[in-house]
Amino acid sequence: MYVCDLKEGHDQYERWLEWEGTQCHTGNMPPSWKFCSPIFAWAVGGEGEMFPEHVGFPIGEQGKAAYFMMEMHYDNPNFREGVVDSSGVRFFYTDKLREHDAGTIVFGHNVSPLHIIPPVQRWQSSGYCDPQCTSQNLPAEGVKIFQGLLHSHLLGDNLILRHGRNGQELPPIMKDMHYDFDYQNTRILKEEVTILPGDSLVMDCGYNASQRTSATYGGFGTNEEMCLTFLSYYPRTDLFLCTSHPELDTILGGLGLGLEISADNRDKVNKMLNYKIEMNWEAENKILEKVKSGNLSSEPSPLIMSHILKAINITAPQKYFNRSLYSVLQDRAIWMDEGVTSSLQKAVLEGKHTSACHLHGQDLLLGKGGAITAPDLQPLQESLPEVTFMHSVVLDQQGSYVLLWTPRKEDVVFEVQVGTTGYVGLGFSPTGGMKGADIILGWVDTSGEVFLHDRHAEGNSAPMLDQSQDVKLLGGYQNDTHTVLRFSRPWDTCDGEQDYVLSDDTVRVIWSYSNRDPTSETNLHYHDRRGTKSLFLQSPQFEMPEMGPDVKTWEFLSPNVSLPNDFDTLYWCKIYKMPPTPTKHHIIGFVPVVEEENAEHVHHILFYECHAPDSDTLFEQHLEEQGAQCHTPNMPSSFNHCQSVLIAWAIGGQGEMYPEHAGFPIGEQHGGATYFMMETHYDNPNLRQGVVDSSGIKIFYTEKLRQHDAGILMIGHQVSFTHIIPPRQESFLTGTFCDGSCTGQTLPKEGIRVFQGILHSHLLGTSLLVRQVRAGQELPMLLKDLKYDFNYQSTRVFKEEVTLLPGDTLITECYYNSSQRTKPTSGGLSTKEEMCLAFFSYYPRTSFFSCLSEPKFDGIIAAVGVTDVAHDRMGKITIEQPEENMTERKERDMTQELKETKFSDFYHTLKITAPEEYQNLTMHDILYNEATWQDPMVADSFQRLATSGIHNVFCSTNGQNAGVEMSKQVPYPSYKSRRHRPDRCSQLGGGSSVFIPN
């Protein structure tokens, strides 16, 4: 039921009283009727409403409610003939006035065709009330809500009206987690709820479209959908509707299909979606004349709001050219792609919405209240003591699962805040899957009792209770939307059979939750959502600080690099120049800028300083070029002067912010570099076509100089074909080192202070560590990760800075699992090849930037029984090309052909000359013959070669505007191992599964 009000005078409605009415929301409905705003709402299953004794809805001329419009929603799914109806509503009213005039406000999702629910999905739609709307239109003391009605159609499963204030989630105003379309009854609130100016309202509607085979859209039909709440409140104001719907561009982008439409078409459609309701007296009078003459057609016609989408014509990509958006959305094939549904779900919940804020009696411009996004609300906490946790992370894309933790000496305290009223699971897995995982499962039942179990998984089935319960419940509660559990757990429970040892290594965290509690402690429902995320539980997490006005940003992005679809690895190099800075500046941090659609392809980015005589002449000419494939003849030889790493980022990393006393200088005149090269490693294992990328890095820099100039030191194994990992090895060790003679010549007498580091290998890497040796004695390990995750390569910020002195030796050890490979793996650039590197940030800055090693080549050929080969060169692969003139470079940019680079191909060029039995074969023929590796002694020989004998060490410094590399042959270092203190479990006589390499 609507109350009708025109600023020209509501008596204009008098002339329509004798008319039987018309089909709503069509051309036959008089324009003045669109100025009727809701006052009561009833739906199927409702029994009626009686208002509390202190409120009433005003009627009559003085109450601006003399005329009303009744909107009836009829449903005839079986198309029965001859149905005639005279149903309606009976009002009870009195002249004994109540204390307060009441009103009705509608919150939720605009009834719009952009309300899209994919088929075969459990889906969430949300509508937002912009806090600016409540701020401008509610009285200072706010309004009091005393009852409400939640409303959706057939797919509605759970409905919640959330309430936020000053960024904090408040208890929900209304909810129904088991919504029944056939029982829509008004809820009288136990306690009135105050909505203040500036409050946020979020209407969340969960839908179950699992039985639908095509998309469902917002609309008036029962088979279409709505997401609304009708709230009764006092004192009455002019505000009657505050809603939103996703913008058209949010939908187009959220589908992830690259859909484009023309500007003219966008304007046309937006006018249809965001139309103005204004009084048109000419149209009003024409309808009245037709009614009086009997010439107005009363034949109803279907009103399908989604047909508006047929007016949206797709112009790109070619696959969908000249099709309507409606046609694309009706294509069942697109909804079979989980990437499309997950992308759209994220877009409609996190992307831009068009808001609507409507007042009684005013011209309305539907959908033009402004662009908004979901309010950022801190989760509601009710009954746990306030605790400041050191770390927090959102584990899912929807923001429904928040994990907080604080590491302590003997244990770690966790808190999970999960958007469910069912059970919650948190686990630690050796692989990221269920098998072998240590799982903590908890829930809060309807009586408020909190349950917490220590469990383990033997496979993809319900986790089993541990014999030893090693988690301690610290508290928990459940409200209308969330379950919160707080508990502690020892780092090592000494339950080696059923628990997982937590440490400062990478931990593969698995999570899940269900929308229902278990029916018993042993009968679990299958979870509704699950996922995995790798974390460092003991190391500080990346946090973006607030930047002052002195901080500037510089983005360097790949120039629309097209990935090949005939091989899987591409390294792309591009030259950049520092922004103009008349005075010295410090780089103080960076974050990756990775295009979301290409996140799976951007493996790592290295940003190098370029040092060369007359750098302007050498590098300026390359700034406007697109770049070149690295380490190939297409790469200009001048790029080889860019070897000193400034920034190292890899997949999983969130960025770095340097300590307040250190920054990286930029500008040659200030001890840094003026020109830089970005090397981007792209990975395309599935050979996807049409991948074009513009990812890169955003740098933060300032003229407020830090106390120390910082630098980066790269150590590890030379990226080379000499790095050989035999096949079928569960734990093969590659050892590499930076010897004391190198650090003795390059480091200052007082040494350098290392404040952070990052370890790097490829797919086979399982454990990586860096040892520090001084005067033959091993010191505490510099950096380690015994549970290395290729997909989580994040910088470790040291709790305490570590000093490196002249003469210190650094040993990098990388353990690999090649048990699933039948042929050896070579060092190289490809993800399927391997690396063993570490990057350390330190101060004060020196010219020392790299210290790498590799075994002597004659040991490699001897390990497979070869005594002599004919070859052209030994050592590193380098491609020296003369500098071209500008015309030649432009031609090269236009025509350069991308080629796969495999360092192991070098072995094709080595022809065996002895022994005689191998003559006319190449080293590649021997190394990559599976028969070679049938003899376990061959793998043993390579293991000894990697961790003993004579190695080539390359010690690199930046000279006067140029790089200088010194190489020498050095025996693998021997040292006295550091004694490891027995762990707690050993002292208790229990079993610990901690692996510490000796």
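Which backbone oxygen does the side chain of Asn137 reach? The side chain of Asn137 reaches the backbone oxygen of Cys133, at a distance of 2.9 Å. This is a polar contact, a term for a pair of N or O atoms within 3.5 Å; within protein, one must be able to donate a hydrogen and the other to accept it, and residues adjacent in sequence count only if both atoms are side-chain atoms.

The model is predicted: local features need pLDDT of at least 70, side-chain atom pairs count only at pLDDT 80 or more, and totals for chains, interfaces and linings use all residues. Residues are numbered from 1 along each chain as its sequence is written, and side-chain values use heavy atoms, with hydrogens and water left out.

Asn137 belongs to helix H1 (residues 131–137); helices (H or I, at least four residues) and strands (E, at least two) are DSSP runs numbered from the N terminus. Asn137 counts as buried because its relative accessibility is 19%, where buried means under 20% relative accessible area, exposed over 50%, and partly exposed in between (1.4 Å probe, protein chains only). Apart from neighbours within four places in sequence, Asn137 is in contact (heavy atoms within 4.5 Å) with Thr237, Leu239, Cys357 and Leu359.

**Domains 1 and 2**

An automatic or database domain assignment supplies the domain bounds. Domain 1 covers 2–76 + 87–290 + 303–373, domain 2 covers 391–536, and domain 3 covers 551–709. Domain 4 is made up of 713–752 + 769–777 + 803–827 + 848–873 + 901–971.

The C-alpha centres of domain 1 and domain 2 are 39 Å apart. Seven residues of domain 1 are in contact with four residues of domain 2. About 720 Å² is buried between these two domains, with carbon and sulfur atoms giving 55% of that area; buried area is the accessible area (1.4 Å probe) that two parts lose on being put together, summed over both. On the side of domain 1 that touches domain 2, strand E11 (168–176) and helix H7 (338–350) each supply at least two residues. H7 gives the most to this side, with three residues. The residues of this side divide into four nonpolar, one polar and two charged. In this division, Ala, Val, Leu, Ile, Met, Phe, Trp, Tyr, Cys and Pro count as nonpolar, Asp, Glu, Lys and Arg as charged, and the others, Gly among them, as polar. Between domain 1 and domain 2 the count of salt bridges is zero.

**Salt bridges**

A salt bridge is a side-chain nitrogen of Lys or Arg within 4 Å of a carboxyl oxygen of Asp or Glu. The whole structure holds 27 salt bridges, including those tabulated here.

| Pair | N to O distance |
|---|---|
| Asp204 and Arg162 | 3.0 Å |
| Arg323 and Asp331 | 4.0 Å |
| Lys698 and Glu555 | 3.7 Å |

Asp204 stands in strand E13 (residues 200–208) and Arg162 in strand E10 (residues 156–165), 42 residues apart. Both Asp204 and Arg162 are buried. By contrast, Arg323 is partly exposed at 25% relative accessible area, and Asp331 is partly exposed at 24%.

Lys698 is partly exposed, with a relative accessible area of 25%, and Glu555 is partly exposed at 39%. Elsewhere, salt bridges that share partners join Arg162, Glu169 and Asp204 into one network.
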